[in-house]
Amino acid sequence: MSSSSCSSKDEDTDSVIKETVLRNAVQYGGKARSDNVISKVIALRPNLRNQIKFLIPQIRQAVEELNRLTLAQQEELLGQPDESEVSKKNGKVRVLPELPDAQMGRVVTRFPPEPNGYPHIGHAKAAIIDEEYARLYKGKLILRFDDTNPLNEKIEYYEAIKDGLDWLGVMPNIVKNTSDDIKLLCDYGKKLVIAGSGYVCSCSQTRIRELRAKGIACECRSASTESEERLRTFFDGSLEPNSAIIRFKGNIADTNTAMRDPTLFRIIDGQHPKLGKSNRVWPTYDFAAPIEDSLDGVTHALRTKEYELRNALYYAILDKLLLRKPNLMEFSRLEFDGMPVSKRKIMPLINNGMVQGWTDPRLPTLAALKRRGFMPEAIRKFVLSLGLTLSETTPPFESLEAFNRKIIDSTSIRLFFVKNPTILMVKNAHSQEVILKNHPNFDMGQRRIAISTLFYIDENDAINIGVGDEVRLMELYNVIITNAVPDSQVQPDLVEISEAESTRNRRVLIAERTGEAISHKMRKIQWVAKNDALPYNVLVPKQLYDGENFSSNSLECIQGYAESFIGSLNKGTVIQLVRFGFCSINDGNTAIFTHR
């Protein structure tokens, strides 16, 4: 390896470390934590794992240096990307490189999802980047549904994709379907074969696979010419599925296996959601994409790195058909550890009832993220923070959470929820109505709560306080614990204890009110008045996969009590349950945990 490439690699590592330390510092109020940074760096650059012994001192030095800065200085540094990667639009900084051969007002990008499932975080990255470039150059964005497999496409999925883009704020200038051009695509297919750059192949899939692996042509390829009858028979749809395909005549021994005579057309029987059964001959993505891009006027076709080896085929097809060639650009896929974006993994989970459909909060679909309480602005900022890179990294889910937290913190009302509740009886309290602010720092209204002597507190708090301890019931008053008695010893006329509560807690804390003076040293706990308590569940999504194994414990249901006010909130409202986390209202007695 040359010294220049070594230097480039070191600079890249330094840049990753610095950015990770900065993000961690800002997340924790100005003080980065070395252990967290080390794990994040390895998550972002798995190839550095074997160099960890040398990286730890480097990371600790960066933490020490950046922790000397104020939080404001750290935030300012974090918001300054390299000038080489900065494009400006309306004064806003975007971490995207300039497009090659781009002319202002003439750039056309496209987002071509297949309507075979719900859009996910990976689709969001592609759509946002496509739109950002189109707007940056005052151009156009095309939403083109790549719907050339009637066995996979459903109207539900067209609509889900459109809904997802609407939610993200991605607004295409043109919306179309590849199937709109099916006759035109078939005409180009015939033209390619007649020109000698394609052929009808009747070999079995097994034989094709074996010969391609060996770089050997089949006998169909060596036929001197394609008879008009053979070609007509294929395209008129009279052949049976799997009896023949159209293949590109590339280089069967090419080291790039994508050029080894790939399939361009196949016969599929199925009810197409747009065309019904009017067509049986369908192009593959490899054939349809370059032709559609060229004819639609796309100037810059951005797609994920997995297509990189297929670029040669993309351009070869356009060359053979004498069509205009767009610029191709690649970027890395986006997914999170333990949250598959692959439909190959998601579909069996849905079909087998292992998840609750495409909106299950454990999934990375846009519908699931929306249901969970993530904001579209957070997803856009997160995507743009990643830039346009080819390096295959799996960013930590916490990064998306951090962007979301900044957005929802100031707009989410605060409410009390106690899990696994224990009863607290304040003997010298009296019945009264209290008024609590819905947000500590912003005017978001207030709510009235009728209280008496009985409260629910969180079991963890009950375990950690003892007789003689003074605690503050948040937003209310201070109490001192005077006794802890088994629930069986509490007089029934004083405390009515349900069977479920008795089985769970087995004791009641007795306390006395001591005053209202706030002390920073005093433990502060949330509470729910017993006569205002609503039985409530919080669904907590966890990683769906542990490595390659599905985690059956990936959705936890936490039971407890919330204040009754929560029952008046609309589905989808994002709130913060104090000392628990942000949540999204799911229904009258359930919320979904968003993040802390």
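Q: With which residue does Glu306 form a salt bridge, and how far apart are the closest N and O atoms?

A: This is a predicted model, in which local features need pLDDT of at least 70 and side-chain atom pairs count only at pLDDT 80 or more, while totals for chains, interfaces and linings use all residues. Residues are numbered from 1 along each chain as its sequence is written, and side-chain values use heavy atoms, with hydrogens and water left out.

Glu306 forms a salt bridge with Arg333, and the closest N and O atoms are 3.0 Å apart; the term stands for a side-chain nitrogen of Lys or Arg within 4 Å of a carboxyl oxygen of Asp or Glu. Glu306 lies in the loop between β10 (300–304) and α11 (311–320), and Arg333 in the loop between β11 (327–331) and α12 (343–351), so the pair ties together parts that are 27 residues apart in sequence. Helices (H or I, at least four residues) and strands (E, at least two) are DSSP runs, numbered from the N terminus. Glu306 is partly exposed at a relative accessible area of 47%, and Arg333 is partly exposed at 31%, where buried means under 20% relative accessible area, exposed over 50%, and partly exposed in between (1.4 Å probe, protein chains only).

By the same rule, the count comes to 30 salt bridges. One of them joins Arg232 to Glu229, with the closest N and O atoms 2.6 Å apart; these two residues are 3 residues apart in helix α9 (residues 228–235), which means they are separated by about one helical turn. Arg232 is partly exposed at 44% relative accessibility, and Glu229 is partly exposed at 47%. In another salt bridge, the side chains of Arg362 and Asp360 meet at 2.8 Å, N to O, and here Arg362 is buried with a relative accessible area of 5%, while Asp360 is buried with a relative accessible area of 0%. Salt bridges with shared partners also join Arg110, Arg144, Lys176, Asp181, Glu292, Asp293 and Asp296 into one network.

Turning to the rings, a search of the whole structure finds 20 aromatic pairs, counted where rings of Phe, Tyr and Trp (its six-membered ring) have centres within 6.5 Å, with planes under 30 degrees apart taken as stacked, over 60 as edge-to-face and the rest as tilted. The rings of Phe580 and Phe593 have centres 5.7 Å apart and planes at 90°, so this pair is edge-to-face. Phe580 lies in the loop between β27 (574–577) and β28 (581–587), and Phe593 in strand β29 (residues 590–595), so the pair ties together parts that are 13 residues apart in sequence. Both Phe580 and Phe593 are buried. Elsewhere, Phe336, Phe374, Phe382, Phe397 and Phe403 form one aromatic cluster.

A charge sits over a ring if NZ of Lys or CZ of Arg is within 6 Å of the ring centre and within 35 degrees of the ring normal. The charged end of Lys274 sits over the ring of Tyr158, 4.7 Å from its centre, and that of Lys345 over the ring of Tyr545, 4.8 Å from its centre.

As for strand pairing (at least two DSSP bridges between two strands), an open sheet of 7 strands has the order β21-β18-β19-β20-β14-β17-β22, with mixed pairing. Its edge strands are β21 (523–525) and β22 (528–529), each of which pairs on one side only. Strand β18 (residues 470–473) runs parallel to β21 and is joined to it by 3 bridges, and Arg472 stands opposite Lys524 in β21.
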